Amino acid sequence: MKTLPLLNLILALSMAAVPAAFAQQTGAQQSAALQPGSIELKNVAEIEVKTTDAKGKVSLKRTPADKAISGIEVIYTTTFKNIGDKPAGDIVINNPLPLHTTLVADSVFGTNTDITYSVDGKLFATPNKLTVKDKNGKDITATARDYTHIRWSLKGNLAPGKSDQVGFRAKIN
């Protein structure tokens, strides 16, 4: 059973969702860059744990994923909030799948977004348009197991002070 430090997985998501130029700025430059219409990002990695109440009712509760153990399913959620005083448009969030994980099919979520995937981190498309090479070099349709990145493009604008979430589930290999 493989155990991975979850911090590496969270950092992969955190840095992936921040534009490279912004991530490389100093604190003073970042403060100056936060103009009206700016988006604040928060990434969370959680697991679901079964709990039983006093009456014996079983339910699922999300808890922070402190350790990533092979076979465990982790829920990655990015919350984005418009911290400016004007509507923000053209919001695009790109997240690579963390190393040593596989996307859980049909687990990607994001209301009012166009969701596309990539098998190389460069070309993004809907699942029916993505291909990979099989062991014989023939192009075949990519599956969730082949995806390396996910992109969410918000339709329309996000009003000032409003927030929303996108995310996915991935299984630790």
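Visitor: What is Val166 in contact with, leaving aside its neighbours within four places in sequence?

Guide: Val166, which sits in strand S13 (residues 163-172), is in contact with Tyr76, Thr77, Thr78, Phe80, Ile93, Phe109, Gly110, Thr113 and Trp152. Please keep in mind that this is a predicted model.

Visitor: Why does Val166 count as buried?

Guide: Buried means under 20% relative accessible area. Val166 has 1% relative accessibility, so the label applies.

Visitor: And what makes Thr116 buried?

Guide: The cut-off is again under 20%. Thr116 has a relative accessible area of 18%, so Thr116 is buried too. Thr116 has its place in strand S9, and beyond residues up to four places away in sequence it touches Phe124, Ala125, Thr126, His149, Ile150 and Arg151.

Visitor: How do you know that S6 and S9 stand at the edges of their sheet?

Guide: The open sheet has three strands in the order S6-S12-S9, with antiparallel pairing. S6 and S9 each have a single partner strand, so one side of each is left without a neighbour in the sheet. From one strand to the next, the twist averages 15°.

Visitor: What makes S6 and S12 a pair, and likewise S9 and S12?

Guide: A pair needs at least two bridges. Five bridges join strand S6 (residues 92-96) to S12, and six bridges join strand S9 (residues 113-118) to S12, so both meet the definition. Ser153 in S12 is the bridge partner of Val92 and also of Asp114, while Arg151 is the partner of Asn94.

Visitor: Which residues have the most contacts inside the largest nonpolar core?

Guide: They are Leu103, Tyr147, Ile150 and Phe168, in a core of 28 residues. Strand S2 (39-52), strand S5 (73-82), S12 and S13 each give two or more residues to this core, and S13 provides the largest share, four residues. Ile150 touches Leu103 and Phe168, among others.

Visitor: Why is the pair of Tyr76 and Phe168 called stacked?

Guide: Ring centres must lie within 6.5 Å, and planes under 30 degrees apart count as stacked. Here the centres are 5.1 Å apart and the planes are at 25°, so the pair is stacked. Tyr76 lies in strand S5 and Phe168 in strand S13, so the pair ties together parts that are 92 residues apart in sequence. Both Tyr76 and Phe168 are buried. Ring pairs also link Trp152 with Tyr76 and Phe168 into a cluster.

Visitor: What are the distance and angle for Tyr117 and Tyr147?

Guide: That aromatic pair is stacked too, at 4.6 Å centre to centre and 25° between the planes. Tyr117 lies in strand S9 and Tyr147 in the loop between strand S11 (139-141) and S12, so the pair ties together parts that are 30 residues apart in sequence.

Visitor: Where is the pLDDT below 50?

Guide: The mean pLDDT of the protein chain is 82, and 79% of its residues reach 70 or more. Over residues 1-34, though, the pLDDT is below 50. Where pLDDT is low, the predicted coordinates should not be read in detail.

Definitions and conventions
Residues numbered from 1 in each chain as written. Predicted model: local features only at pLDDT ≥ 70, side-chain atom pairs only at ≥ 80, totals over all residues. Heavy atoms only, no water. Buried < 20%, exposed > 50% of the residue type's maximum accessible area, 1.4 Å probe, protein only. Contact = heavy atoms within 4.5 Å. Core = buried A, V, L, I, M, F, W, Y, C linked by side-chain atoms within 4.5 Å. Axes fitted to C-alpha atoms, helices over the stretch in contact; angles between N-to-C directions. pLDDT = per-residue confidence, 0-100. Phe/Tyr/Trp six-rings, centres within 6.5 Å; stacked < 30°, edge-to-face > 60°.
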